Amino acid sequence: MRRWLAPLVIAATVGCTQTDTVPVIRSADVERPLPEAEAPEPGWYRLPTSPLSPRQNANAFWTGTEVLIVGGRRPFPCFEECAFEPPPFRDGAAFDPAAGEWRRIAKAPIRLGYAQGAVLGETLYLLVPEYYFGWLVSDDEARREPPAFLAYDISTDEWRDLPQPPGRRWPSYLIATEDRLIGYAESHDRGRRPDLVFDPSTEAWTRLPADPLGRAYDRSMVWTGSELVLIGVPYPGEPWIARAAAFDPAADRWRTLPDPGISGLDPVWFWSSGRVVNPSLDLSEEERDGGSRVGAMFDPATSSWEPLPDPPSDYGPYQDLLVGGDEVVVSTSGWALHVPSGTWERLTRPFEGLYANEASVWAGDRLVVWGGHRDGRFVNQGWAWVPPWA
């Protein structure tokens, strides 16, 4: 029988102050017993105490059975006003929603302040760019963490270095297909560069054939299970109207897709319920002037674009999250869209008050957020949101 988490009841009572030491909030030392439930009621639930220390901007990934939290940045003694940045973390932990349990995982060989990653099979792959921390007032006083391409074997709890991508300018993002990894550039603002393919079986990088969009901005790629769908704004980007293409690995060929008819100003897309979905609800300047939409959905089966179903006209309470799952995508405007039914749900907050820089990931049929800072206090707590469609 599935165990789940006790409902969250928390009231925020602290404010944000500037101090010499960083205030933190830790999870309760004693957790309430977790009730067993096959189908938990919709709403927010508090996760058990995590073994990790408070931090912001941790990296979160869903393996299919566990949430992996790795790395992240340490609290700043006086936030953005200081020139000193503490070194990022190397440690991590895994949370099993079915068992309601955390476990520590092996430390990464380098610090993981910023990373882009994807899970393929039993392995988490991370592209870790060059990173500077310490006293940042000059290059001489800053400490450098070299770039790396890492693999974490989930079953053996082991990290290893992999051959790095070729060239000086690494891919911006990493996504998984059925048996390959795709590293692609978000923008060609400094000139066009090739997108790359990594084969885990040979540990070799190769170039993806050039796409028909050419030099472009605000590029995003989504794997549909059979094709890579690319959405981007062709250079020089005036007007900022997106174009699209699809790559079939079996045929090793691109095809041009119908124009989405949307602005490319919010280029984040997800694969959900047989659709490529951008859940953005913000109106672009073009739309306010009678031009294009921002969010939309693409159906690969018919090669047709669809507007978002009956989009809300206001903001939800919990904004700035942008995550997607098998059936639900969450907009930065504070709403969650259930793609199969085309219905929206206002995303509430797990508690009152400001919450920022948390890690977030869609884990099966629920949203998980962890860490970050709440009203200026750094936390090592986590929460899960069960939508009404779960």
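Is Arg275 buried, partly exposed or exposed? In this predicted model, Arg275 is partly exposed, with a relative accessible area of 22%.

1. Arg275 pairs with Asp299 in a salt bridge whose closest N and O atoms are 3.6 Å apart. The partners are 24 residues apart and link distant parts of the chain, Arg275 in strand 23 and Asp299 in strand 24. Asp299 is buried, at a relative accessible area of 10%.

2. The structure contains 15 salt bridges. Among them is that of Glu227 with Arg255, where the closest N and O atoms lie 3.0 Å apart. Glu227 belongs to the loop between strands 18 and 19 and Arg255 to strand 21, so this pair ties together parts 28 residues apart in sequence. Glu227 is buried, at 11% relative accessible area, whereas Arg255 is partly exposed, at 30%.

3. Arg243 and Asp259 also meet in a salt bridge, at 3.7 Å from N to O. Arg192, Asp195, Asp211 and Arg219 are linked in a salt-bridge network.

4. Arg193 is buried but has no salt bridge, the nearest side chain of opposite charge being that of Asp189, 5.9 Å away. Its side chain reaches the backbone oxygen of Arg169 at 3.5 Å, and a polar atom of the Arg193 side chain lies 2.5 Å from the backbone oxygen of Trp170.

5. Two cavities of 30 Å³ or more are present. The largest has a volume of about 40 Å³, and its lining includes Asp218, Trp269 and Asn278. Strand 19 gives the most to this lining, with three residues.

Methods: Residues numbered from 1 in each chain as written. Predicted model: local features only at pLDDT ≥ 70, side-chain atom pairs only at ≥ 80, totals over all residues. Heavy atoms only, no water. Buried < 20%, exposed > 50% of the residue type's maximum accessible area, 1.4 Å probe, protein only. Lys, Arg positive; Asp, Glu negative; His and termini not counted. Salt bridge = Lys/Arg side-chain N within 4 Å of Asp/Glu carboxyl O. Polar contact = N/O pair within 3.5 Å; in protein donor to acceptor, adjacent residues only side chain to side chain. 1 Å grid on protein atoms, 1.4 Å probe; cavity = no way out; pocket = protein on both sides within 12 Å on 5 of 7 lines; lining within 4 Å. Points joined across faces, edges and corners; volume = space filled by probe spheres on them. Helix = DSSP H or I, 4+ residues; strand = E, 2+ residues; numbered from the N terminus.
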